[in-house]
Every structure is written in structure tokens, then in C-alpha cells.
Amino acid sequence: MIISVVNHKGGVGKTTTTHNLGKALSLEGKKVLVIDLDPQANLSQASGVETPNASIYKSLCENTELPIVNLDKNLDLIPAEVDLAEAEVRLQADVNGYFRLRTLLKSVLPKYDFILIDCPPSLGILTLNALIASQKAIVVVQAEYLAVKGLQTIFDLITKLQENLNPNIEILGMLLTQLNHTIFRKEIADTVRNIYEGKVFENGIRQNITLAEATSAGQDVFTFDKHCTGAKDYKALALEILGMLK
Ligand SMILES: Nc1ncnc2c1ncn2[C@@H]1O[C@H](COP(=O)(O)OP(=O)(O)OP(=O)(O)O)[C@@H](O)[C@H]1O
Ligand SMILES: [Mg+2]
């Protein structure tokens with residue numbers, strides 16, 4: 001199953017989620033591939049892969065073999081580099097530019113239970129490549145003022161894709177991140193749950209500085225500190241998703 005991790009709003013927790021949900025699923029015995037589709041290459045850095053010999057750019061633009069890096073038992077990564085920004089221009093000039101990733105992933109799909117794609121903070125051609133290749137999307141929503149604004153844009157985009165380019169795509173769930181105990185954040189989380197009833201994962205991700213520290217150390221949170229709340233929350237989310245897909 002291919003799942004895009006999206007929100008065109010920046011800094012909401014897409015990369016942190018792809019990285020740690022991917023690891024959590026691998027720890028449950030699932031074969032997982034995480035893909036860095038963001039020219040910022042944060043997922044690659046967070047995985048400790050700073051200067052990959054090859055990145056997804058060449059595969060997208062020149063159809064070369066996907067550069068798969070093994071990270072751990074059950075866990076592989078396709079890294080990115082800043083050159084991916086250039087891919088956007090080249091893909092736009094290609095008649096099949098929206099379908100490159102879908103075509104590339106066909107050959108590796110049978111090897112994995114889950115392929116998670118970390119999207120950039122935009123709804124441009126890279127994110128569209130991800131959504132067209134995917135069966136599901138996780139919409140990451142930071143529990144903060146104005147978080148709900150702009151979400152409709154993603155839902156509208158997914159509806160349009162369902163009509164034509166990718167009838168199979170569905171929202172797997174909305175993930176609330178950076179939750180804490182202040183009344184303000186609780187109210188925002190409750191608002192999101194009310195508006196999008198039934199679409200929000202039961203398990204949100206609490207604010208936890210250890211998640212940021214693990215990223216800075218180039219590690220997932222389970223390797224860095226498996227007892228922190230970040231590790232507990234991502235494990236609970238992984239179990240919820242496995243339950244939903246049973
Ligand atoms: N639950 C959390 N608690 C504390 N800090 C977090 C949490 N989730 C993410 N962060 C931190 O917030 C920042 C943004 O997170 P992240 O990079 O995952 O967001 P993003 O949506 O991928 O951003 P971009 O849109 O730029 O790609 C990072 O510094 C990350 O370490
Ligand atoms: Mg990111």
C-alpha cells in the first residue's frame with residue numbers, strides 16, 4: 001500500500017511522521033519503504049543519509065533505477081537532494097510528468113507492505129506525483145490557530161483526483177500533531193475532530209521535544225529514546241493504522 005503524507009502548510013510534522021511512522025510499522029514486522037519527495041531533503045537528513053550517491057531526481061527525470069538505501073531491518077529509504085527542485089521544472093515539461101512516480105514504483109511495490117511518501121509543503125507537481133501513485137493519504141494537521149484553514153484545498157484536490165487521474169485514492173486519516181494540554185490546543189483539536197468527524201485518527205501526536213532531538217541526531221525516535229511520548233504516540237498510530245487496514 002502506498003500512502004502519501006501531505007499538507008501544503010509547512011512545518012506541521014509531515015517529515016517527522018513519515019520517518020517515525022515508517023519505523024514504527026517496520027518494528028511491527030512490516031516491510032516499509034519511505035520516500036523523500038521534498039527538495040529540502042529533510043527525511044534523508046533525519047535518516048542520517050546526507051550525501052546519497054543517487055537521489056530520486058534522476059529516476060523521475062531520466063527513468064534510472066530507483067536508488068534504494070537500506071536503513072534497518074524491514075526499512076528502506078529513497079533519498080532526495082536539493083536537485084529535486086529542478087525536477088519540478090523538468091516534470092512539467094513532460095507529457096507524462098504527473099505519472100512518473102507511479103510508473104517507477106510499480107516494480108518495487110510487491111516488495112513492501114507500506115510505502116510512505118514524504119511530500120513537500122506545496123501542492124505542486126511533486127505532491128501530485130505522490131498522490132497519483134498512492135492509494136491513501138495521511139493529512140497532517142498541526143493543532144494550532146488557523147490549522148483548519150487551507151485543509152479544504154487538499155480535500156478538493158483529492159476529490160478531483162478521484163474523478164479522473166486516480167480513482168483509487170482515499171484519505172486514510174487526518175493526524176493531529178503537536179498536541180498539548182493547554183485549553184487552546186485542546187479546543188483546536190476538538191474543532192478539527194468535530195468538523196471532520198470520523199476522519200481524524202484516534203491517536204494524535206503530542207508535542208515532544210525528543211522528536212526534534214532525534215531528528216537533529218539523524219535518528220528515528222525509537223532508536224533515540226524508545227520510552228519518550230513521541231515513540232509511544234507513533235507506535236499507537238501504527239497499531240491504529242494496522243487495525244484499520246485489517
Ligand atoms: N510532535 C512534535 N513535538 C515537537 N516537535 C515536533 C513534533 N513534530 C514535529 N516537530 C518539529 O517541528 C518541526 C517541523 O516538523 P517537520 O519537519 O516534520 O514538518 P514538515 O511538515 O515536514 O515541514 P516541511 O513542510 O518544511 O516539510 C521540526 O523541527 C520537528 O522536529
Ligand atoms: Mg518535511
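**Close-up 1. The surroundings of ligand 1 in the predicted model**. Ligand 1 is surrounded by 20 residues, and the closest among these are K14, T15, T16, P121 and A212. Two elements, α1 (14-27) and α9 (209-216), each give two or more residues to this shell, and α9 supplies the largest share, with four residues. By residue type, the shell around ligand 1 is made up of twelve polar, six nonpolar and two charged residues.

**Close-up 2. Helix α6 and the elements that cover it**. Helix α6 spans residues 125-133, and because nine of its nine residues are buried, the helix is largely enclosed by the rest of the structure. The buried residues are I125, L126, T127, L128, N129, A130, L131, I132 and A133.

**Close-up 3. The largest nonpolar core**. This core holds 71 residues, of which L116, I117, A137 and V141 touch the most other members. Helix α6 gives the most to the core, contributing seven residues.

**Close-up 4. The contacts of A137**. A137 is one of the residues that touch the most other members of the largest nonpolar core. When residues up to four places away in sequence are left out of the count, A137 touches I3, S4, V6, L131, I158, I169, I171 and L172.

Note on methods: Residues are numbered from 1 along each chain as its sequence is written. Chains are lettered from A and ligands numbered from 1 in the order in which they are written. This is a predicted model: local features need pLDDT of at least 70, side-chain atom pairs count only at pLDDT 80 or more; totals for chains, interfaces and linings use all residues. A residue is buried if 20 or more other C-beta atoms lie within 10 Å of its own, exposed if 12 or fewer, and partly exposed in between; C-beta atoms are placed from the backbone. Two residues are in contact if their C-beta atoms, placed from the backbone, lie within 7 Å. A residue is near a molecule or strand if its C-beta atom, placed from the backbone, lies within 6 Å of it. Ala, Val, Leu, Ile, Met, Phe, Trp, Tyr, Cys and Pro count as nonpolar, Asp, Glu, Lys and Arg as charged, and the others, Gly among them, as polar. A nonpolar core is a set of buried Ala, Val, Leu, Ile, Met, Phe, Trp, Tyr and Cys residues joined through C-beta atoms within 7 Å.
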